[in-house]
Amino acid sequence: MKTKSFRSEDFKKNWHLVDAENKVLGRLAVKIANILSGKNNSRYTPNADLGDFVVVVNAEKVKVTGNKSKQKNYYRHSGYPGGLKVKNFEKMQDDSPEKIIKKAVKGMLPKNKLSNKIIKKLKVYSGSEHPHVGQQPEELSL
């Protein structure tokens, strides 16, 4: 029995549209990560980028469960001593809601060189409008 190996150049990538309004952040991020990496297709190959493009709209309306809106923190460091910056979920949702979903999905992708290529196929927008109408993304109900 031979193992079939697929290449990303042989397949056309589809576009999917996800509405994040009133969706739980973690559950949404898992499903998006599976679509981006291609695990929802029968042709899944771990060492090839066979996933589809995902456009997420209404990122500012994503929810978290429990007290995470007050307790969940996002950290970044400038590289200098004392350069740690901390924002909680509510502040991050006001400032840049796109980064919340991107960071959650990136954390669920494999930690290798392929994840940098995969995360570039994720397009996140805070409003309901997006510039990818020409690609005719199909609506996904998650």
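Which residues are linked with R7 in a network of salt bridges? I find E9 and D10 linked with R7 in that network. I call it a salt bridge when a side-chain nitrogen of Lys or Arg lies within 4 Å of a carboxyl oxygen of Asp or Glu.

**Ground rules.** I note that this is a predicted model, where local features need pLDDT of at least 70, side-chain atom pairs count only at pLDDT 80 or more, and totals for chains, interfaces and linings use all residues. Residues are numbered from 1 along each chain as its sequence is written, and side-chain values use heavy atoms, with hydrogens and water left out.

**Salt bridges.** I count 6 salt bridges in the structure. I looked at E9 and R7: their side chains meet at 3.5 Å, N to O. E9 is exposed, at 59% relative accessible area. My cut-offs are buried under 20% relative accessible area, exposed over 50% and partly exposed in between, with a 1.4 Å probe and protein chains only.

Next I took D49 and K121, whose side chains form a salt bridge at 2.6 Å, N to O. D49 sits in the loop between α1 and β2 and K121 in the loop between α5 and β5, so this pair ties together parts 72 residues apart in sequence. Are D49 and K121 buried or exposed? I find D49 buried, and K121 is buried as well.

I also checked K87 and D95, which form a salt bridge with their closest N and O atoms 3.0 Å apart. K87 is partly exposed, with a relative accessible area of 27%. D95 counts as partly exposed too, at 40%.

I find 29 positive and 14 negative side chains in the protein chain, with the centres of the two sets 9 Å apart. Lys and Arg count as positive, Asp and Glu as negative; His and the chain ends are not counted. Each charge is placed at NZ of Lys, CZ of Arg, CG of Asp or CD of Glu.

**Fold.** I count 5 helices and 6 strands. From the N terminus, I read the order β-α-β-α-β-β-α-α-α-β-β. These are DSSP runs numbered from the N terminus: helices are H or I of at least four residues, strands E of at least two. The C-alpha atoms fill a box of roughly 55 × 35 × 30 Å along the principal axes. Buried residues make up 37% of the 142 residues.

**Cores.** I define a nonpolar core as buried Ala, Val, Leu, Ile, Met, Phe, Trp, Tyr and Cys residues joined through side-chain atoms within 4.5 Å. The largest has 27 residues, and L25, I32, V54, V56, I101, V105 and L122 have the most contacts inside it. The elements giving two or more residues include β2 (53-57), α4 (97-107) and β5 (122-124). α1 gives the most, with 7 residues. I32 touches V54, V56, V105 and L122, leaving out residues up to four places away in sequence. Contact means heavy atoms within 4.5 Å. Apart from this core I find another, of 5 residues, among them W15, F53, V55 and V57.

**L28.** I placed L28 in helix α1. L28 is buried, at 3% relative accessible area. Beyond neighbours within four places in sequence, L28 contacts V18, A20, K23, V62, I101 and L142. From L28 to P110 I read 17 Å, C-alpha to C-alpha, across 82 residues of sequence.
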